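Student: I would like to learn how to read a model like this one, feature by feature, with the conventions stated before they are applied. Could you take me through it?

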Amino acid sequence: MDLAGFSLLALGIVVCLGWAIGDTTLIQLRPNWVPLKFNAAVGLGVIGAGVVLLVHGARRSARACALFVFVIGAASVAQYLLQIDLHIDEVFVRAYIVEPGSVPGRMSPVTAPLLAACGVGLFIISFPQSKARSTLVGLIASLVSGISVTALIGYATQTPAAYLWGALAGVAMHAAGALVVAAGALGVLAFRPEDKLLPHWAPWAALIWGLACTGSLGGALFQHLADTPDSMTPELTILIGSVLSILMAWALHSRHRLAGALAASARSEEMMRGILRAAPDAMLIVDAHGCVVLVNDMTEKQFGYTREELLGESVELLMPMNIRQSHAALREEFLVAPSARFMGEGRELLAQRRDGTQIPVEIALSPVSFLGSRYTVAAVRDITLRRETEQRLRESLQEKELLLKEIHHRVKNNLQVVASMLALQADQATEQAQAPLEDCRQRVMSMALVHEKLYGAKDLQRIELGELAREIATMLISEGVGPLIRAEFNVEPIAIDIERAVPASLIMNELMTNSLKHAFKGRSSGLLRVAVRRCGNDEVCIEVADDGVGGVQADSFRTGKTLGMTIVRNLAKQLDARLAVGSGPGATISITFPIDRGQEQ
């Protein structure tokens, strides 16, 4: 680009110098050729300076040059269109070389608009590139180049009509060449890196260039053959040139589309390879015959084979020897009805490395089709670390469960020791003190039952409330508290946490003990009914009933001063429970408290 800019600048300086010193060989290359006007030489030199400045990043200075060139060209065009004289043609030097019929010093009516167009293109391209700016500048460069090339062809073929425009001033030889260079510089500046080898505006540029050449050449031929009106040469030239221009544009358009498709394909392939390379799992693509056609880097790292050793080999190479034959049959079954899924769901899968070691894996299968052939993409994940972590967690959990069970066992044993001590104390106490001590012993045993159930349970967080009620009732009846009692149970499987289980067990102990002590006085037998059921979605109801003498009042639980009633009231508050007393015969006492549904089985 520097070469083009400096060439234009040097040409402008040399021609201006020729006008200044009177050296006509610098202005008019041959006596019968068109001279390059001073203003045109200045404009071409300034364009060259603007190109150099733009290449080196001086955008503002390049814009100033572009505006100067545009003003010179546009002012000259205005003089032709408006038939006026702005007195700009001989501002710098007097024109001592004047073509017949032309205004002294005024540049050609073709050179002026082309020079103005170059100024516009340079101004636009001095701003940050965009697709629209690039396209516009490319089209301007094509138009300038096409018309200028026509003038050069006229000089080369000695056809003056191609560079002379009637009685008006013609295009100078070095002006035409300089404009071609300027157009080429603009075209290169309009080229964007993402356009690769062919800019996106190339088809339109080719069409405009071809039509410009065709139109200029046709117009020149019309003038040249004006004395032979029967000649069809100009019309045929324009027709053939137009068709060739359209074909050239269509060919470039097809080439551009093909290049775009190839670039998109290359990008897709590179992206696919990048995805495969970056995948954290081993990725294999297997054809319908079970042969490996593509692997990623992780496959080599995970299995120890090189890419060359795997390509073309059967995928069973990566499996233990004892399942290779059966896997081939399973692979055929998969191809009958292929679908994206995990391989061997619910089963432990093993893969075999090159050194013979086996590793646990997870395999995801995805069928794909390409160019009529079926392939299977397999993502193989080594789950050795996960299995080791799971094993450590299981061992840790077992240790914690064992520790918790041991704690519950020790708590139960300690509570039983306390119960035994209370029993020994009761044996040595007075008759009046024996009953309170026995009641305390039974309460301790109820709490011990909770820990005993947890010690034998699989879930150390929850306890079966119905079974706990059954065992408390059985324990109290078996210890002979009261007459011979028969128990009936209606319990549902409801699990509660230990924070609710302990107060619930103590409440049940108090209610059952109260019935066994007071409901069957004067009788040799009786019936105790215990129910545990759900009340709605988030509550549990414990009901203790008997067929005894009855007479239990709700006020006794609210205002009773005995230790048992006090315990029931306090524990009911702890559970946020409601106490209710039913009507006879006998007595029916129920307690309802909320239970978190997350605690149910």
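Tutor: We begin with the conventions for strands: helices (H or I, at least four residues) and strands (E, at least two) are DSSP runs, numbered from the N terminus, and two strands pair if DSSP finds at least two bridges between them. In this structure, Gln352 stands opposite Gln358 in E5, and four bridges join E4 to E5, which run antiparallel. E4 and E5 form a hairpin with five residues between them, and Gly356 in that turn has a positive phi of about 95°. As for the source, this is a predicted model, in which local features need pLDDT of at least 70 and side-chain atom pairs count only at pLDDT 80 or more, while totals for chains, interfaces and linings use all residues. Residues are numbered from 1 along each chain as its sequence is written, and side-chain values use heavy atoms, with hydrogens and water left out.

Student: In which order do the five strands of the open sheet lie?

Tutor: The general idea is that strands of a sheet pair through backbone hydrogen bonds, either parallel or antiparallel. Here the five strands follow the order E8-E10-E11-E13-E12, with mixed pairing. At the edges are strand E8 (484–491) and strand E12 (578–582), each of which pairs on one side only. Neighbouring strands of this sheet are turned by 15° against each other on average, direction ignored, where axes are lines fitted to C-alpha atoms, for helices over the stretch in contact, and angles run from 0 to 180 degrees between N-to-C directions.

Student: How many bridges join E12 to strand E13?

Tutor: Five bridges join E12 to strand E13 (residues 587–594), and these two run antiparallel; in E13, Ile589 is the bridge partner of Val581.

Student: Which strands does helix H16 lie across?

Tutor: Contact means heavy atoms within 4.5 Å, and helix H16 (residues 498–518) lies across E8, strand E10 (525–534), strand E11 (539–546) and E13, running at about 15° to E11. Leu511 has its place in helix H16, and its C-alpha atom is separated by 9.8 Å from that of Thr588, which is 77 residues apart from Leu511 along the chain.

Student: Is Leu511 buried or exposed?

Tutor: Buried means under 20% relative accessible area, exposed over 50%, and partly exposed in between (1.4 Å probe, protein chains only). Leu511 has a relative accessible area of 1%, so Leu511 is buried. Gln79 in helix H4 (residues 59–82) is also assigned by this rule: its relative accessible area is 1%, and therefore Gln79 is buried. Not counting residues up to four places away in sequence, Gln79 touches Ile84, Asp85, Leu86, His87, Ile88, Asp89 and Arg106.

Student: Where does Gln83 lie, and what is its phi?

Tutor: Gln83 lies in the loop between H4 and helix H5 (111–125), with a positive phi of about 55° although it is not a glycine, and at 68% relative accessibility Gln83 counts as exposed.

Student: How many disulfides are counted?

Tutor: A disulfide is a pair of cysteine sulfur atoms within 2.5 Å, and by this rule the count comes to zero. Cys541 is in no disulfide, and the nearest cysteine sulfur, that of Cys535, is 3.8 Å away. Cys541 counts as buried because its relative accessibility is 4%, whereas Cys291 counts as partly exposed at 24%.

Student: What volume does the largest pocket have, and which residues lie nearest its centre?

Tutor: On a 1 Å grid over the protein atoms alone, a cavity is a set of points where a 1.4 Å probe fits but cannot get out, and a pocket is an open set with protein on both sides within 12 Å along at least five of seven lines; lining residues have an atom within 4 Å of a point. Grid points are joined across faces, edges and corners, and a volume is the space filled by probe spheres set on the points. The largest pocket has a volume of about 660 Å³ and is lined by 31 residues, of which Met319, His327, Met343, Ile363 and Leu365 lie nearest its centre. The largest share of that lining, seven residues, comes from H12.
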